[in-house]
Amino acid sequence: MRGGGATVEVMTADSLDSLRSVTVERTGPGLFTATNSRGDTITFGTGSVGGFTPVELFLAAIGGCSAADVDVATSRHAEPGEFSVAVHGHKAEDAGGNHMTGLEAAFTVRFPPGGAGDRARAILPRAVKTSHDKLCTVSRTVEAGTPVTVKVADVD
């Protein structure tokens, strides 16, 4: 709604429950720290000073989101002996700007022998597919092509 030239956002209980946010602050040349609403932090940078880059965090978010979904579904049957997700893609630049292409997440999961491990192995392909098709907010958002709005909030 508009009033007096200012935009006022009205937050409902539903919008507060669905809101996810981080704040990114510059902490030095080429270094940034993201802080979530719980106060957790992660430091990253441009790659020139070590640490993760934003693109690597993006890949980690894709893998981590699906990994969490798949782990919930499979580990209720058996604890995996090995569980990893390798995520890769190619950074491309074209007339439209920079973007990633050929994104792929490959699961390597091993369960112990026996009935519980057999049940976990049996549901693994379905759990991976369900995460991709319905559950993983990160990859679903990418595939949906959700627009990102940017603005300058405050300038001195």
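The lining of the second largest pocket comprises seven nonpolar, three polar and two charged residues, where Asp, Glu, Lys and Arg count as charged, Ala, Val, Leu, Ile, Met, Phe, Trp, Tyr, Cys and Pro as nonpolar, and the others, Gly among them, as polar. The model is predicted, so to speak of local features a pLDDT of at least 70 is needed, side-chain atom pairs count only at pLDDT 80 or more, and totals for chains, interfaces and linings use all residues. Residues are numbered from 1 along each chain as its sequence is written, and side-chain values use heavy atoms, with hydrogens and water left out.

This second pocket holds about 220 Å³ of space, a volume being the space filled by probe spheres set on grid points that are joined across faces, edges and corners. A pocket is an open set of points on a 1 Å grid over the protein atoms alone, where a 1.4 Å probe fits, with protein on both sides within 12 Å along at least five of seven lines; lining residues have an atom within 4 Å of a point. Strand 7 contributes the most to this lining, with four residues.

Among the lining residues is Ser66, which sits in helix 2 (residues 54-75); helices (H or I, at least four residues) and strands (E, at least two) are DSSP runs, numbered from the N terminus. Ser66 is buried, at 8% relative accessible area (buried: under 20%, 1.4 Å probe, protein chains only). Its side chain makes a polar contact with that of Ser131 at 2.8 Å (N or O atoms within 3.5 Å, one able to donate a hydrogen and the other to accept it).

How values were computed
Buried means under 20% relative accessible area, exposed over 50%, partly exposed in between (1.4 Å probe, protein chains only).
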